[in-house]
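Here's a quick tour of a protein model, written for someone who likes cut-offs spelled out. Have a look at the fold before reading on.

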Amino acid sequence: MSKRGNQLQNKGKRGSRRAAAERAGGSKQASSKSKGKSAKEAKPPSAFRKWLKRIVLWGGGAAVLGVIFLAVAVGFAARELPSFYQLKATQNAQTILVRARDGTEIVELGPSFGEWLAYEEIPKNMTNAMIAVEDRRYHSHYGIDPIRLTGAIIEGVTGSRARLGGTSTITQQLARNLFLNSNRTVDRKAREAVLAMALEWKFSKEQILELYLNKVYFGGGAYGIDSASRKFFSHPAKELSVAEASIIAGLVKAPSRYSPTADVDAAVARAKTVLRLMKEQKYITAEEASVDVSAVNLRQQSGQNSVRYFTDWALPQLDLLLPETYEPIEVWTTLDVGMQRAATASIDANTPDGSQGALVSLDRDGAILAMVGGTDYVESNYNRATNAMRQPGSSWKLFVYLAALEAGYTPDDRVVDTPVTIDGWTPRNSSGRNVGETSLRTSFAFSINTVAAQLGNEVGFGTVASMARRFGVKTPISTFPSMVLGSSEVRLIDMTRAFAAVSARGKAVEPYGILRVTSADGEVIYKHEKATETTLVPDYVAAGITDLLQSAVATGTGRAAQIGRPVAGKTGTTSSNKDGWFVGFSSGVTTGVWMGRDDAKRVSGLQGGRAPAQAFAAYMRYAVKDRPVEKFDTDLNLPEWQLEPDDEFLYGDPDDYYFIDEQGNLVEPGRREAESDVPFGIEGERTEPSGPQEPPQAASDDFLEQATGQNLPPDPGAPSDGPRRDPPPPPARQDRTGQEGLISIN
């Protein structure tokens, strides 16, 4: 190769090397620049941004899954929903028509659905009023209201649950009424929301409103606007005015609180709220909103609200008397409409101001003729006749004297009213004094406490408690000495039942209120059967206590209960005048009256012999006006062991008695002279005498004269045609009375 060629080649190589070096240098420079730039930008991201990114990603994924799950759930629920026509035909409770004993309709309980109105037949004012007060965004949501729901969630998180019950839309309310219950739980609210969206998926807004307005409960047993309109305004729902529609729409929130039959003022105030909301939402003008809803003509309620005390007591018994059924039924009761009205009036007229009163009246077989559990059922539905437990005061002495009579006392026995202390307890009489010796009858009539205490101590406080149990008292009974004065709490219906058993001559009485139950087509599905007769005390004990009870009304503490015919009864007043009682009977009707305060505070002037006895008399004058006058059976047919010797003589002719000879053979006094010549052998066969001799005498002359009374002076009170027999009295009576028949308690 030439020298020039070599130079060119070397120059080329140097150029290449220079170019390579330049390229390498440029690359290095670029690399260093790149490294500087990445060092600035490659700072690690903060932890917050990482977690935020994760939350967004996971939250978005969960939301997507939730939406999918919700859509699937709503779809399945919508597929399982009944058709619109099936829902129209569904009734969700049982109708019970309650009748008095004469067939008079006294109350209808359960649902009343009225006429079904199609959406086009429902007055526009009615739909607007309901939407305005219950669901203002009804036409824009899909079953649940996101705005209301969000507000409820925020309030729930902050601790306030005031609006949780008010978040339900009309569709949710319909879902709850049709398929769920009213439990305030998260699970129920979730199912309610799913069903609401399913309803919106399957039905139109108009169909949902039609179902809702025909099925929602408006109080008083009225389901649907037509039933409510007829109940409260006495005309069909097609004729509802703006004011009437506002009253009905206002009932949904709390039917019992805003019912115009229960509280007119509350119903009017709620209706004005509805009208204001309708005006704000442009459904009505200001002139239409100014309507005077208080001038709406409300239907007058037939019957008496006091009847509900009776139906509340009687109807739950159907669960035990009838097989499970949802068919409409008619219940024929023992209630007498006239007596119920008289009972209500007597309690209203005689109960002291600020107090409550209750009354129960039973027929002789236990049928309840009237029941009043308080002065006003709407104000307080607590039944004081069947549920309240109060101290009975001296009316409890019924059981003390029953136990004493059964132990051998009679109304004429002499007792002593004297200061006494029993186990550290010293009873005192309400009069503050003691009268000394008196009769059992007088001590009962004037309710002498010291005598009752002595009697209870003698027969045993456990015996008195057992007697109360026997006569139907089911509440706990104390056996402390003070129990004889009524320290144990009882129910009015139980005390009335006990007095009714006395009226029935000592036979048990079981209160009942249902005569029969029939189906809608008249088929009898239950009929009351007469209970087996059970004797509680012997006839003479029932006669003796009736004697005492009659005296208490005729001359004692119960004189205010007199009604112009025989009445037997007993007053009761507790310490500090907290309770007043009168329980008694006449002409087969037994009635108990209680008065007092629910808080058991003192009632000035309240005594059993005043207001309760007066209420008893006012009611009983009506209750027995069509019944014949009945005199009480107070004749004491005492058992032989309880008879005095003089009384025992009246139990037959002495010739009917038998005597025993020395060999143990029976000798009939009426035949001994005629057959004295023929003695009896040991086997009772006739034997001939072995020779002329006097037959052996069955008993000595002294024994026969003493036994037949022939050697005693004549008794002026004894019959003239027969001898007098005077055997010794039984020891039991001597032990009971002590000296001269007086009670002696140390």
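Predicted model: local features only at pLDDT ≥ 70, side-chain atom pairs only at ≥ 80, totals over all residues.

What follows goes from the overall numbers to a few local spots.

## Ground rules

Residues are numbered from 1 along each chain as its sequence is written, and side-chain values use heavy atoms, with hydrogens and water left out.

## The big picture

The protein chain has 26 helices and 14 strands (DSSP runs numbered from the N terminus: H or I with at least four residues for helices, E with at least two for strands). Of its 746 residues, 46% are buried. Here buried means under 20% relative accessible area, exposed means over 50%, and partly exposed is in between (1.4 Å probe, protein chains only).

The chain exposes about 39300 Å², and carbon and sulfur atoms supply 51% of that; the areas come from the Shrake-Rupley method with a 1.4 Å probe, and for residues only the protein chains shown count as cover. Take the contacts (heavy atoms within 4.5 Å) with a separation of 6 or more: 70% of them are between residues 24 or more positions apart.

## Two helices crossing

Helix H4 (residues 124–134) and helix H12 (residues 264–280) have axes that come within 9 Å and cross at roughly 95°. That makes H4 and H12 roughly perpendicular, a label for angles of 65 to 115 degrees (under 35 is roughly parallel, over 145 roughly antiparallel, the rest oblique). On the H4 side the contact uses Asn125, Asn128, Ala129, Ala132, Val133 and Glu134, while H12 brings Arg270, Val274, Leu277 and Met278. The axes are lines fitted to C-alpha atoms, for helices over the stretch in contact, with angles from 0 to 180 degrees between N-to-C directions.

Asn128 of H4 is buried, with a relative accessible area of 10%. Leaving out neighbours within four places in sequence, Asn128 is in contact with Met278 and Tyr283.

## Tucked-away pieces

Helix H19 (residues 449–459) is largely enclosed by the rest of the structure, because nine of its 11 residues are buried. Among those buried residues are Val451, Leu455 and Val459. The cover includes helix H17 (397–407), strand E6 (414–417), helix H18 (440–445) and helix H20 (461–470).

Leu87, in helix H3 (residues 84–89), is buried at 3% relative accessibility. Not counting residues up to four places away in sequence, Leu87 touches Pro82, Leu178, Phe179, Phe203, Leu211 and Lys215. Leu87 and Lys215 are 128 residues apart in sequence, with 9.7 Å from C-alpha to C-alpha.

## Salt bridges

How many salt bridges does a search of the whole structure find? There are 20, each being a side-chain nitrogen of Lys or Arg within 4 Å of a carboxyl oxygen of Asp or Glu. One of them pairs Glu121 with Lys238 at 3.6 Å, N to O. Glu121 sits in the loop between strand E2 (105–109) and H4, and Lys238 in the loop between H9 and H10, so the pair ties together parts that are 117 residues apart in sequence.

Asp598 and Arg384 form another, at 2.8 Å, N to O. Asp598 is in the loop between strand E12 (589–596) and helix H23 (611–623) and Arg384 in the loop between strand E5 (368–372) and H17, so this pair ties together parts 214 residues apart in sequence. Asp598 is partly exposed at 47% relative accessible area, whereas Arg384 is buried at 2%.

Two residues have a positive phi without being glycine: Ser234 at about 65° and Asn577 at about 55°. Ser234 lies in the loop between helix H9 (225–233) and helix H10 (242–251). Asn577 is in the loop between strand E10 (568–573) and strand E11 (579–586), and is buried with a relative accessible area of 15%.

Finally, Phe48, Leu52 and Val56 make a nonpolar surface patch of about 320 Å². Patches are built from residues with over 30% relative accessible area and no salt bridge, joining like charges within 9 Å and nonpolar side chains (Val, Leu, Ile, Met, Phe, Trp, Tyr) within 5 Å. Leu52 belongs to helix H2 (residues 47–80) and is partly exposed, at 43% relative accessible area.
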